[in-house]
Structures are given as structure tokens and as C-alpha cells.
Amino acid sequence: MFTHLVTDLIGRPGTRRDVDLRGQLDIRMQLAAVVEPVEAHVTLEATSEEIVARGVVEFVEHLTCNRCLTEWDEPASVEFLEVFDEVDRSGRIDLEQMLIDEVSLALPLTPLCRPDCAGLCPTCGTDLNTDPCSGHPDEAVSPFGALQQLLEP
Ligand SMILES: [Zn+2]
Ligand SMILES: [Zn+2]
């Protein structure tokens with residue numbers, strides 16, 4: 001998907017060409033993933049021995065809040081510059097691994113839905129952003145506590 005024919009550039013230093021590449025990069029981390037196809041806008045330029053690819057890749061981050069587990073999508077982009085000193089026999093370069101590396105590095109390790117996210121109550125799982133938990137003074141408020149009372153004579 002991200003392989004690109006560069007036979008017209010090889011051996012012609014100074015020649016440059018713009019290409020748009022689009023495709024799926026399967027990147028899944030614990031709290032961040034890229035699930036939609038990404039778009040790379042690349043300028044390819046030949047030097048005497050190499051092909052230089054520089055540009056920007058645009059993608060949609062699918063994020064999960066590290067505190068409250070809310071999920072949301074966020075557009076993002078990252079710039080790249082890569083030098084290809086090897087072109088395969090069919091005259092192609094493959095940008096996929098470079099794009100996977102660049103996008104993976106740009107994803108947040110601990111996304112937060114907002115900087116002051118209050119997270120979830122560790123006891124009942126209530127989302128403390130929307131519903132302040134009044135606390136758990138005794139076991140009776142949990143479903144198991146209520147069940148216990150029913151079973152007791
Ligand atoms: Zn949150
Ligand atoms: Zn609670």
C-alpha cells in the first residue's frame with residue numbers, strides 16, 4: 001500500500017515529485033490505536049545515490065482515557081523525513097515501516113479525556129466526572145451487600 005515506484009527518479013539527482021499515499025496502518029496500543037486509513041503527503045527527491053522522502057502523515061487517533069476509560073477520536077498528524085538508500089529490484093521504495101514507526105511514536109501512552117479528569121470510583125466504578133460518588137461507608141450499598149442482607153434471616 002505504501003510501496004511506491006521511483007524508477008523515474010533514480011539516477012536523476014535533483015528530480016522531485018509529490019505523491020499522496022493512502023492506506024491502512026494497523027497500530028494498536030493499550031490506550032491508543034489508529035484504525036482508519038491514513039493519508040501521507042510525500043515529496044520524493046532524488047540525490048545522486050538516494051531517494052529522500054519528506055512529508056506529513058495525517059491520521060485519526062482512537063484514544064481511551066487512562067483514568068475514566070472514555071473513548072474518543074482525535075485527528076493528528078506528524079512530519080517525517082526518511083532517506084532510502086536501497087530501492088528493490090522492481091524500482092520501489094516501501095514507506096510502510098517508517099510510517100508505522102512515526103505514527104506509533106506520536107500516539108500518547110496515557111491519554112486523558114481532559115487534564116483534570118476525575119476518573120472512576122475504585123469501589124463502584126462510577127464516572128466521577130459526571131456523577132460524584134457519595135462514598136462507601138458500609139457494604140450495604142454494593143449489590144453484593146444487598147444480596148447478603150436478603151439471604152440473611
Ligand atoms: Zn477521563
Ligand atoms: Zn463509588
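In the protein chain, 59% of the contacts between residues at least 6 apart in sequence join residues at least 24 apart; two residues are in contact if their C-beta atoms, placed from the backbone, lie within 7 Å. Please keep in mind that this is a predicted model, where local features need pLDDT of at least 70, side-chain atom pairs count only at pLDDT 80 or more, and totals for chains, interfaces and linings use all residues. Residues are numbered from 1 along each chain as its sequence is written, while chains are lettered from A and ligands numbered from 1 in the order in which they are written.

The chain holds two helices and eight strands, in the order β-β-β-β-β-β-β-β-α-α from the N terminus. Helices (H or I, at least four residues) and strands (E, at least two) are DSSP runs, numbered from the N terminus.

Now look at strand S5 (residues 38–46). S5 pairs with strand S2 (residues 16–23) in the antiparallel sense over eight bridges; strands pair if DSSP finds at least two bridges between them. Here Val19 has Val42 of S5 as its bridge partner. S5 also pairs with strand S6 (residues 51–64), again antiparallel and over eight bridges, and Glu39 stands opposite Glu58 in S6. Four residues lie between S5 and S6 in their hairpin.

Finally, which residues does Val103 contact, leaving aside neighbours within four places in sequence? They are Leu25, Ile27, Val34, Val38, Val57, Phe59 and Val78.
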